[in-house]
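Here is a short briefing for a first look at this structure. Keep the view open as you read.

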Amino acid sequence: LYMGGRELNWAMAGIRLLAIIGGEDDPKKCTAAKLVRLGELKPVQPSRVPHGAIVLDPESEKSISQEDLGQARTRGLLVVDVSWNKLARFPKIRSGLRRRALPFLLAANPTNFGKPQRLSSAEALSAALYIMGERAHAERLMAKFKWGLTFIEINKDRLDSYAACGTSAEVVAAQNRMLDALQRSKDAKTN
């Protein structure tokens, strides 16, 4: 980054986005590969992930929340880019990382449009940024894709609700209220 006659490094300017890229997806559809090409995302080997980085892990019992922002700013935010179709279990990565799950969201990517929790790597990173309070960074990331801002639009109420929460427990409670409301609405339609 260049600012006012001097260069800034990403750690000072925002959250450093990292990815372990499994190479399992079609390279033309891989959002992580595109973000790497655009200079928004740094590919790393599993052994080179910074100690203490936040890793997006769908098997984590703790949700991403605003309480993770400081750690993400100093250590980075990591996504593991693997195919949903080939994922039986989340891959093992080094210890010493802060694992966080994303709350309920709908995918907007062309492959999984409308499917719950089938987010692309770009959507996952954007959601995490938004929830931690980095909305402008999240929107800038999604603007790199034709369909990207649709992700923000279809999840806006959910993202705003999660971003208003300070802790993981509050995010989970907000998610559960929304899912309960969806279930009640579905039940009312079938009765």
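**Briefing: a helix and its surroundings**

Just after helix H4, Gly133 takes a positive phi of about 100 degrees. The model is a predicted one.

**Helix H4**

- H4 spans residues 121-131.
- Eleven of the eleven residues of H4 are buried, so the helix is largely enclosed by the rest of the structure.
- The buried residues include Ser121, Glu123, Ser126 and Tyr130. Also among them are Ala122, Ala124, Ala127 and Ala128, as well as Leu125, Leu129 and Ile131.
- These buried residues pack against strands S3, S5 and S6. They also pack against helices H2 (31-37), H5 and H6 (148-163).

**H4 against H5**

- Two packed helices are described by the angle between their axes and the distance between the axes.
- H5 covers residues 135-142. The axes of H4 and H5 come within 7 Å and cross at roughly 165 degrees.
- Angles over 145 degrees count as roughly antiparallel, so H4 is roughly antiparallel to H5.
- H4 passes H5 in a left-handed crossing.
- On the H4 side, the contact is made by Ala122, Glu123, Leu125, Ser126, Leu129 and Tyr130. On the H5 side, Arg135, His137, Ala138, Glu139, Leu141 and Met142 take part.
- By class, this contact of H4 with H5 has seven nonpolar, two polar and three charged residues.

- Leu119 lies in the loop between strand S7 (98-100) and H4.
- The relative accessible area of Leu119 is 9%. Buried means under 20%, so Leu119 counts as buried.
- Leu119 and Leu106 are 13 residues apart along the chain, and their C-alpha atoms are separated by 7.3 Å.

- S6 runs over residues 77-81 and is mostly covered: five of its five residues are buried.
- In a regular strand the side chains alternate between the two faces of the sheet.
- Both faces of S6 are covered. Leu77, Val79 and Asp81 are buried on one side, and Leu78 and Val80 are buried on the other.
- Strand S3 (residues 17-21) pairs with S6 in the parallel sense over five bridges. Ile21 stands opposite Asp81 in S6.
- Strand S5 (residues 54-56) also pairs with S6 in the parallel sense, over two bridges. The bridge partner of Val55 in S6 is Leu78.

Notes
Residues numbered from 1 in each chain as written. Predicted model: local features only at pLDDT ≥ 70, side-chain atom pairs only at ≥ 80, totals over all residues. Heavy atoms only, no water. Helix = DSSP H or I, 4+ residues; strand = E, 2+ residues; numbered from the N terminus. Buried < 20%, exposed > 50% of the residue type's maximum accessible area, 1.4 Å probe, protein only. Axes fitted to C-alpha atoms, helices over the stretch in contact; angles between N-to-C directions. Parallel < 35°, antiparallel > 145°, perpendicular 65-115°, else oblique. Left-handed = near helix turned anticlockwise from the far one by under 90°. Contact = heavy atoms within 4.5 Å. Nonpolar A, V, L, I, M, F, W, Y, C, P; charged D, E, K, R; others polar. Pairing = 2+ DSSP bridges.
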